[in-house]
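Please read it alongside the sequence and the structure shown here.

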Amino acid sequence: MRSLGEQRTLADRIQRILGLSALAGMVATVWLGLFVTPPDQFMGDLVRLIYIHPPLAWVAFIAYGMNFLASLAYLWPRTRDLRWDQLAGSSAEVGVLFTGLTLVTGSIWGRPAWGTWWTWDPLLTTTALLFVLYLGYLALRRVPDDPELRARRSAIAALIAFLDVPIVYFAVLWWKSLHQAPTVLNPTTHKTYIHGSMAWTLLLGFIAFTITYAWMVMIRYRLGALEARVLETRITSALRERQLEGSHE
Amino acid sequence: MVRDALHIARKDLRIEWRTRITAFQVIPFAVVVIVLFGFALGPDPARLENAAPGVFWLAVLLASVLGVERSIAIELREGAFDGLRLAGFDPAGIFLGKLVALSAQLVALEVLLGVITAIVFQVSLASFWLLAVASVVATLGIVAVGLLYGVLLASSRVRETLLPLLFFPVIAPVLIAGSKTWQAAISQHVSAGLGWLELLAVFGVVYCSIGIVSFGPLMEDL
């Protein structure tokens, strides 16, 4: 019992450190992004979106990668453990949230910069499809069932979804480029215009959002573990009540 | 594995032959979808010709959900899956057998639907072999994904509502590639269609492989 208690305080401490660094990173990003860095020569204040939009997309990418790796770890017989399933689920939830935010911030950027809320650009289309793919995955996870069964089912669904991403990307890439002059938005061309304080702010944004991701996944993971334990306790106490009822008769 | 697959495929096709669910329910449904799209798009011939490939593949995808649903449902009644397992069938064989049977039914649907689309939407189907190969390859990919999700959801009570949400985003590339191949065939740019055919083939190979490997573990849950 004692070791369990110690473990919990250690996890608590890590969570608090992560949370505080995430908060500090966010505050610094906001301060640098809104007040310190200069507005862009052509885009004005609009450029400030670049400090959050790419980091959001980056976190979504890490989240799905983590989901895929954790699902593989669950499917691999030697490392099969329900904790991997819990991690996969937590990561996917945060991933869907960040994909949604990526789409929203992208739209807010696109309206003044390109004159439209939405364009059928390969990156945008893939991101939108990614959002729906993992929304389905989360819906599947919500279906109540035996934990082992649900874990195996979810892990295979995660595999199906993740392997679809490159195929989708190439499909939409060719879909646009075969019949239309290539107007592909190249993210690297943006970076060449970034100097000094802007580059540092962007880098800080990446770090701050990554820490925030780790913090959110950790909270979600521990919450999931607590939920599982509550369920277990309820089942045992219900069983005990039944047994007592039986012995009275 | 191959022998098991042939047994299962023959069984599924015999069930279809006796019940005629695909012939009398799924195919008419696909035709209705085509006609409704005609209403939605209006009678302008140029617009219809442009939209024809996409409409055709959307109708096929919508019908394929019904096909998958049916293919899983016949195994769930009266413990048929348990029976197959007890009889010692290889899970990969069961997957391949069901894949072949359902694909054959869908290809039959596509032939009929293709002719109807060509007539109603006033397009001429040139480059026949490209259309035929692309349709068969695309169908195998669609059915592989469908069966995977079908058996994944077989034991849950929300199968009917969850299957389309999981199924359609994954097969979005097939819709794109299938439509593009058909467009290439109609406008007789065969070389443009070949690239798309490759994409369809990659999709089919990836999901057939996942199906062969994971059907065993998935069937344990039923």
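Two residues are in contact if their C-beta atoms, placed from the backbone, lie within 7 Å. On that basis, among contacts in chain A between residues at least 6 apart in sequence, 82% join residues at least 24 apart. The model is predicted: local features need pLDDT of at least 70 and side-chain atom pairs count only at pLDDT 80 or more, while totals for chains, interfaces and linings use all residues. Residues are numbered from 1 along each chain as its sequence is written, and chains are lettered from A and ligands numbered from 1 in the order in which they are written.

**Chain A overall**

- Chain A holds seven helices and zero strands, where helices (H or I, at least four residues) and strands (E, at least two) are DSSP runs numbered from the N terminus.
- Of the 249 residues of chain A, 33% count as buried; a residue is buried if 20 or more other C-beta atoms lie within 10 Å of its own, exposed if 12 or fewer, and partly exposed in between, with C-beta atoms placed from the backbone.

**Interface between chains A and B**

- Contacts between the chains involve 26 residues of chain A and 25 residues of chain B.
- On the side of chain A that touches chain B, the elements giving two or more residues are α4 (122-142) and α5 (147-177) of chain A.
- The most is given by α5(A), with 17 residues.
- This side of chain A divides into 21 nonpolar residues, one polar and four charged; Ala, Val, Leu, Ile, Met, Phe, Trp, Tyr, Cys and Pro count as nonpolar, Asp, Glu, Lys and Arg as charged, and the others, Gly among them, as polar.

**Helix packing in chain A**

- Helices α2 (residues 53-75) and α3 (residues 82-114) of chain A have axes that come within 7 Å and cross at roughly 155 degrees; axes are lines fitted to C-alpha atoms, for helices over the stretch in contact, and angles run from 0 to 180 degrees between N-to-C directions.
- α2(A) and α3(A) are therefore roughly antiparallel to each other, the term for angles over 145 degrees, whereas those under 35 count as roughly parallel, 65 to 115 as roughly perpendicular and the rest as oblique.
- The contact of α2(A) with α3(A) has 18 nonpolar, nine polar and one charged residues.
- For α3(A) and α4(A), the axes come within 9 Å and cross at roughly 145 degrees, and this crossing is left-handed.
- Residues making the contact include Gly89(A) and Gly106(A) of α3(A), and Leu124(A) and Arg141(A) of α4(A).

**Helices of chain B**

- Helix α2 (residues 21-41) of chain B packs with α3(B) at an angle of about 150 degrees, their axes 9 Å apart, and the crossing is right-handed.
- By class, the contact of α2(B) with α3(B) has 16 nonpolar, two polar and two charged residues.
- Leu61(B) lies in helix α3 (residues 45-76) of chain B and counts as buried because it has 22 C-beta neighbours inside 10 Å.
- Beyond its neighbours within four places in sequence, Leu61(B) is in contact with Ile142(B), Phe168(B), Ile171(B) and Leu175(B).
- Just after α5(B), Gln122(B) takes a positive phi of about 55 degrees.

Technical notes. A crossing is left-handed if the near helix is turned anticlockwise from the far one by less than a right angle, and right-handed if clockwise.
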